[in-house]
Amino acid sequence: KGKIKGTLGVNSRIRRSFEQEEIELLTAIGNQIGVAVENSSLYLKQQVITEKLRISEQRYRQLFESAQDAIWVHDLDDRLIAANEACVRLTGYDLSELQGLRVGDLVSKDTLSIAKRIENQLLRGETPGSMAEVKIIKKDGGEAIVQLACSVVSRDGQATAFQNIARDVTLER
């Protein structure tokens with residue numbers, strides 16, 4: 001890449017000049033060594049980045065799992081793809097039952113339009129996040145009123161899902 005990374009020393013027992021073929025061979029060997037050194041450096045940088053990403057993921061997972069508020073993520077087809085233990089406690093569904101559950105089965109029909117309006121505003125970029133009160137339908141058929149905060153999950157600038165954080169405010173009503 002046009003950078004000097006080091007020197008390659010070549011010795012001979014007798015004093016002589018190197019022929020053009022030998023110079024070309026030594027240049028090729030030097031270039032290969034340079035590529036190997038560069039690849040090693042890039043590999044080490046990748047290892048550092050990978051470790052930082054692993055630690056960040058671990059921190060996020062810990063926050064997600066230990067949150068007192070119910071958190072779920074649903075894809076753009078309205079299917080839940082992740083939920084925390086607080087969501088299990090709020091809804092009465094276990095984690096396996098929540099996986100793949102449709103948002104319309106979790107949010108009551110009379111407040112689903114509120115959640116959809118917020119999602120549409122988020123997709124249009126009208127707001128970075130939004131909050132509203134909606135009713136959650138529990139597994140046993142009971143209802144809970146939650147303060148719902150919703151935000152977009154993106155990858156490469158494209159919306160892929162919605163993250164929802166729900167705080168039970170039923171007793172405050």
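A cavity is a set of grid points where a 1.4 Å probe fits but cannot get out. The exercises below apply this idea, and others, to a predicted model.

**Exercise 1. The enclosed space**

Task: Determine how many cavities of 30 Å³ or more the structure holds, and state which residues line the largest cavity.

Solution. 
- Step 1. Rolling a probe the size of a water molecule over the atoms shows where empty space is left.
- Step 2. The count comes to one cavity of 30 Å³ or more, and the volume of the largest cavity is about 30 Å³.
- Step 3. The lining of the largest cavity consists of W72, H74, V103, V107, A115, E119, L148 and N164.
- Step 4. Two elements, β1 (70–75) and α5 (109–123), each give two or more residues to this lining.
- Step 5. By residue class, the lining of the largest cavity comprises five nonpolar, two polar and one charged.

**Exercise 2. Salt bridges**

Task: State how many salt bridges the structure holds. Then examine the pairs R16 with E22, E57 with R61, and R167 with D69, and classify each partner as buried, partly exposed or exposed.

Solution. 
- Step 1. Side chains of opposite charge can pair when their charged atoms come close. A pair is counted when a side-chain nitrogen of Lys or Arg is within 4 Å of a carboxyl oxygen of Asp or Glu. The structure holds 10 salt bridges.
- Step 2. In the pair R16 and E22, the closest N and O atoms are 2.9 Å apart. R16 has a relative accessible area of 42% and is partly exposed. E22, at 27%, is partly exposed.
- Step 3. E57 and R61 meet in a salt bridge with an N to O distance of 3.9 Å. The two residues are four apart in helix α1 (residues 20–66), so about one helical turn separates them. E57 is partly exposed at 42% relative accessible area, and R61 is partly exposed at 37%. A network of salt bridges links E57, R61 and E65.
- Step 4. R167 and D69 form a salt bridge at 2.9 Å, N to O. This pair joins distant parts of the chain, for R167 is in strand β5 and D69 is in the loop between α1 and β1, 98 residues apart.
- Step 5. The cut-off for a buried residue is under 20% relative accessible area. D69, at 18% relative accessibility, is therefore buried, whereas R167, at 44%, is partly exposed.

**Exercise 3. Helix α5**

Task: Compare the length of α5 with the expected span, state which of its residues are buried, and identify elements that cover them.

Solution. 
- Step 1. Helix α5 has 15 residues, and the distance from its first C-alpha to its last is 21 Å. This is close to the 21 Å expected at 1.5 Å a residue.
- Step 2. The buried residues in α5 are T111, L112, A115, I118, E119, Q121 and L122. Among them, A115 and E119 also belong to the lining of the largest cavity.
- Step 3. The cover over the buried residues of α5 includes β1, α4 (103–106), β3 (130–137), β4 and β5.
- Step 4. Just after α5, G125 adopts a positive phi of about 75 degrees.

Technical notes. Residues numbered from 1 in each chain as written. Predicted model: local features only at pLDDT ≥ 70, side-chain atom pairs only at ≥ 80, totals over all residues. Heavy atoms only, no water. 1 Å grid on protein atoms, 1.4 Å probe; cavity = no way out; pocket = protein on both sides within 12 Å on 5 of 7 lines; lining within 4 Å. Points joined across faces, edges and corners; volume = space filled by probe spheres on them. Nonpolar A, V, L, I, M, F, W, Y, C, P; charged D, E, K, R; others polar. Buried < 20%, exposed > 50% of the residue type's maximum accessible area, 1.4 Å probe, protein only. Expected span 1.5 Å × (residues − 1). Contact = heavy atoms within 4.5 Å.
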